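Hello,

Here is the structure for you to look over. My notes follow below it.

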Amino acid sequence: MVFLEFEKPLEKLYEQLDKIKQVGEEGIVDVTEMMRELETKIRNTRKDIYSNLTGWQKVQLSRHPERPYTLYYISQMCKKFIELHGDRCVKDDKAIVGGLASFEGQTVVIIGHQKGINTKMRQYRNFGMANPEGYRKALRLMKLAERFNFPVITLIDTPGAYPGLEAEERGQAEAIARNLFEMAQLRVPIVCVVIGEGASGGAIGIGLGDRVYMLENTWYSVISPESCSSILWHSWDYKEQAAEALKLTADHMFEFGLIDGIIKEPVGGAHAAPEEMAKLLKKQIKKALTELQEMEPDERIEARINKYANMGVYDTEPSDVPKKEK
Amino acid sequence: MGWFKRLKEGIQTATRNKKEAPEGLWYKCKECKETSTMKELRENFFKCPHCGHHVRIGSHDYFDLIFDGDQYEELFTDLRSKDILGFKDLKPYPERLQEAMKKSGLTDAIAVARGKVNKKNLVIAAMDFNFIGGSMGSVVGQKIAMAIDYCLDTRSPLLIISKTGGARMMESAFSLMQMAKTSAKLTQLAKARIPYFSLLTDPTTGGVTASFAMLGDINFSEPAALIGFAGPRVIKETIKKDLPEGFQTSEFLLEHGFLDFITDRKDLRETLSDLLNLYDL
Ligand SMILES: [Zn+2]
């Protein structure tokens, strides 16, 4: 088990539990009662910790090395999955996966960022940071979905689009922009879920949809707390403050009307009970698809565009232009 | 040609329209270090008379350069940014906004105007870099959305002039969602077959490049502009190598297939006029 900084009290309790277990195995003392007490204590401590998470703690949770990723959820939610590779132009991006899947008795196209599950795989997946080819592969699959009237599901989990030399040469910005443009008019339902990190353009590049949800312990922002700290505080040390200031949690995003709902995570986070998490995720996606499939494509597209057109908060004032200071 | 005359009139008229141009009587070029008078600079389309460097100018300078007879009507001037997050870094966001307004004489990082180019209607949304780095928040997104609605109503073509460091961090996810909002709204223009021209000027980076700036029916640029998704510093830190000469310039983007052409600022008005004629508008 990997314990995050704020989970340290739990780690201690687990250590105690291990010791008592050992004593119990020696068979001299009956430890049943002690173990029961300790387990209750663990449960309550976990509940306490998890009911008061700060923005930064949720950012840490969203990056937990044991957190389930896209391919895990696909394997749990879909009966059959055939992964489809490549953008048909340059290469197959390993940071975004996608394919045809059987979801609750219907064929869907499911696409998501994919992080690696160990050191070697993290490199292979480029830490979930896609190049333009990833976004173009995603678009190719979405157009395929549109042609055959398959709904689209996207799972978002990225620290950002990859800021590399080749990424710029091959048009990272154009690839993301093109996806936003095409997703706005896609004639099939699109359901998006932030399952981990929702960092900026890299996230929204597969994140424009009829319904957008966030898992409880995820974040969505225009910039990571670290980069925000470095730019606005001129230091890397203010990531906690930046995480608070950016109001990047699912609760904030829902309150602002920028997402359509929050999917609860099991106590202890998605990684504490991945199968249960996958069930909850599947349930929400199924519900959303059922609602969306009752709508006509044109009606759905109009509602989708209106939803985004209404995002933004501003004041209106008399149209005097302020005087410039000397 | 009316060019010279128009620019001369520009000098005599309100200085309000010259916000981003360097102040004072003299201009020292940051490229070639030569000096010229402000008058010479203005008469040369805000390009260095010695080396042709395109000086960063503001929205109203572009309106003056492009619209017939300096005449245009600014639209949607009553929108103001709002601090919905209660954002505070080293300074509270409302304070930053007030300072930016005082410093620039502008109300936000974009201005929208309608006017004519060789008698043809055009709506221009032009960004101002000296308002919090030309950053895109809710107001920028909303003004673009309203400009698009205006174009749909009047069947006017749209030109967006980008000049920006990207998203406005102080508006966090609201800023991010403007990428989706502007791109989604642009699809309505495309469906109505109303042309959208995107002019990318120095600099155009981040979430703006990754949304409306790259979505023009025609994407074009001024020479030697910095255009990219990630900033050069971030890329350098990521790949731990020096970046090649000319990386992320207009010329680089043209070579890699992301721009239709590059136009010198002195030809900008003619180019737009030609496009409007060819589109038969
Ligand atoms: Zn010069």
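**Strand pairing in chain B**

B:Val112 stands opposite B:Ala125 in E6(B). This is a predicted model: local features need pLDDT of at least 70, side-chain atom pairs count only at pLDDT 80 or more, and totals for chains, interfaces and linings use all residues. Residues are numbered from 1 along each chain as its sequence is written, while chains are lettered from A and ligands numbered from 1 in the order in which they are written.

Strand E5 (residues 110-117) of chain B and E6(B) (residues 120-127) run antiparallel, joined by 8 bridges. Strands are DSSP runs of E, at least two residues; helices are runs of H or I, at least four; both are numbered from the N terminus. Two strands pair if DSSP finds at least two bridges between them. The E5(B)–E6(B) hairpin has 2 residues between the strands, and B:Asn118 there takes a positive phi near 45°.

E5(B) also joins strand E3 (residues 72-75) of chain B, antiparallel, through 4 bridges. Here B:Tyr72 stands opposite B:Gly115.

**Helix packing in chain A**

Helices H6 (residues 132-147) and H8 (residues 172-185) of chain A pack at about 20°, axes 8 Å apart. Axes are lines fitted to C-alpha atoms, for helices over the stretch in contact; angles run from 0 to 180 degrees between N-to-C directions. H6(A) and H8(A) are therefore roughly parallel (under 35 degrees; over 145 is roughly antiparallel, 65 to 115 roughly perpendicular, the rest oblique).

Contacts (C-beta atoms, placed from the backbone, within 7 Å) include A:Leu139 and A:Met142 in H6(A), and A:Ile176 and A:Met183 in H8(A).

Best wishes

Definitions and conventions:
Two residues are in contact if their C-beta atoms, placed from the backbone, lie within 7 Å.
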